[in-house]
Amino acid sequence: MAQLWGGRFTKETDKLVYNFNASIDFDKKFYKQDIEGSIAHVVMLEKQGILTNEEKDKIVKGLTGIRHDIESGKLEITEEYEDIHSFVEANLIERIGEAGKKLHTGRSRNDQVALDMKLYTRSELIEVDGLIKELLGTLLGIMEDNIDTYMPGFTHLQKAQPITLAHHIGAYFEMFKRDRLRLKDIYQRMNYSPLGAGALAGTTYPLDRYYTASLLGFEGPTLNSMDSVSDRDYVIEFLSAMSIIMMHLSRFCEEIILWNSNEYRFVEIDDSYATGSSIMPQKKNPDIAELIRGKTGRVYGALVSILTTMKGIPLAYNKDMQEDKELTFDAIDTVKGCLALFNGMISTIKFNKPIMEKSAMAGFTNATDAADYLVGKGVAFRDAHEIIGRLVLYCIDKNCSIDELTIDELKTISEVFEQDLFEKISLKTCVEKRLTVGAPGPEAMRKVIMLEKEYLENDKINVVETY
């Protein structure tokens, strides 16, 4: 059992205790970050005169060799080591000898693991942002193609007013745009380096923390060494942001599942993103949408877990904080997988436009516009609301829509109705006259689509350049 701290102990760690304590099985995931941070640390040590140039070159060459051998499969990360830090250091010493023992000068595993986790989280955050941006591009394409695709808008899962598919998809565009804004905000707040904080109280070595921060693409160093090694706010924030992303995906999936049902038939999911039944040959199941909806709880669980873990931890580092990794890694992989799959599903889905339009014509989605018509004729809105309520009740009794009534039938409800009502409450008119910013009217939608295009072209996380 390879350990970096054996000098203080006279007995071998119990095997069960060792296995319970070890993290190599999951923290091997950020071997790249561990090596990247070590190289920056060593380059700084040489700059500060703590290491010679020859020692620095030997260590850097040894570390890059380890990274290359891991990636080529020549070197396997095995569980005989306690964690990724001891694996890298032990292999470095084995390769270059005494110089390798100086790698850890002025550094603790506490600031080392804090750095690795922050570098890994930062990298994954950028990947998640990129996947959301790809999805937004897909949604924008659907919006552009469906400015005139009529469908019912819903409240309380009941038909409310006519809208367009572009408008409906645009609501999700706004949700995912906010998700990107959250990620950008988290990136800016987390992008400070804990390297050089030591175990909790810094170090007596003359380290240049600003220099290592700049080498690793951070805005600067963290300003309190105790907080540096015990801060996992950025993990919690990232998990929170990912939970909201999953909530948005889950809401969208719920609608796809409903729209895919025989009762709606608004969409047909591509065969490559659906499955069949083992017993019912007619079935085409929206499994991907259902799985994404289900995996949302998995990501929520990771967030609640780390919040619960951190709530009772005194300053500074405690071993409990090792629990920040496994569930976070799993949540990140889950979110990335769900975003990629959802993008594939929604980009290949077929929208049944005639059925959507027919559905919008049923359910009295133009009732509000009929009331507005009466107001335009001088009827007080409260009276107009009551008249249209009676009109709807009459249509329900006759099992027809307002559009299917004759002018004589309409006048039995109110003498104010004239022939021009039918044009005023057509789907086209109901949608096109809604021109305020954010409304479904085609003119308003085209303006929004133009703004969304500009946003996608220009908005990005400002990544600080590394060495």
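Trainee: Why are α6 and α7 counted as roughly antiparallel to each other?

Mentor: This is a predicted model, in which local features need pLDDT of at least 70 and side-chain atom pairs count only at pLDDT 80 or more, while totals for chains, interfaces and linings use all residues. Residues are numbered from 1 along each chain as its sequence is written, and side-chain values use heavy atoms, without hydrogens or water. Helices (DSSP H or I, at least four residues) and strands (E, at least two) are numbered from the N terminus. Axes are lines fitted to C-alpha atoms, for helices over the stretch in contact, with angles from 0 to 180 degrees between N-to-C directions. Under 35 degrees is roughly parallel, over 145 roughly antiparallel, 65 to 115 roughly perpendicular, and the rest oblique. The axes of α6 and helix α7 (residues 165-190) cross at roughly 160° and come within 9 Å, so the pair is roughly antiparallel.

Trainee: Which residue classes make up the contact of α6 with α7?

Mentor: Ala, Val, Leu, Ile, Met, Phe, Trp, Tyr, Cys and Pro count as nonpolar, Asp, Glu, Lys and Arg as charged, and the others, Gly among them, as polar. The contact of α6 with α7 has 20 nonpolar, 2 polar and 7 charged residues.

Trainee: At what angle do helix α3 and helix α6 cross?

Mentor: Helix α3 (residues 31-47) and helix α6 (residues 109-145) have axes that cross at roughly 120° and come within 9 Å. That angle makes α3 oblique to α6. Contact means heavy atoms within 4.5 Å. On the α3 side Q33, D34, E36, G37 and S38 take part, and they meet Q112, L115, D116, L119 and Y120 of α6. By class, this contact has 3 nonpolar, 4 polar and 3 charged residues.

Trainee: How many residues are in the largest nonpolar core?

Mentor: In soluble globular proteins, nonpolar side chains tend to be buried together. A nonpolar core is a set of buried Ala, Val, Leu, Ile, Met, Phe, Trp, Tyr and Cys residues joined through side-chain atoms within 4.5 Å. Buried means under 20% relative accessible area, exposed over 50%, and partly exposed in between (1.4 Å probe, protein chains only). The largest core here has 108 residues, and L249 and I346 have the most contacts inside it. Helix α10 (residues 233-260) gives the largest share of this core, 15 residues. Apart from that core lies another, of 23 residues, including A367, Y373, I402 and F417.

Trainee: What does L249 touch, leaving aside neighbours within four places in sequence?

Mentor: L249 is in contact with L135, F176, I292, C338, L339 and F342.

Trainee: Is S359 buried or exposed?

Mentor: S359, in helix α13 (residues 353-361), counts as buried because its relative accessibility is 12%. Beyond neighbours within four places in sequence, S359 is in contact with P152, K159 and F266.

Trainee: Where does N399 lie?

Mentor: N399 is in the loop between α15 (381-398) and α16 (407-413). Its phi is positive, near 55°, and N399 counts as exposed at 71% relative accessibility.

Trainee: What is the peptide bond from L315 to A316, cis or trans?

Mentor: That bond is cis, with omega near 0°. A316 is in the loop between α11 (287-310) and α12 (326-348).
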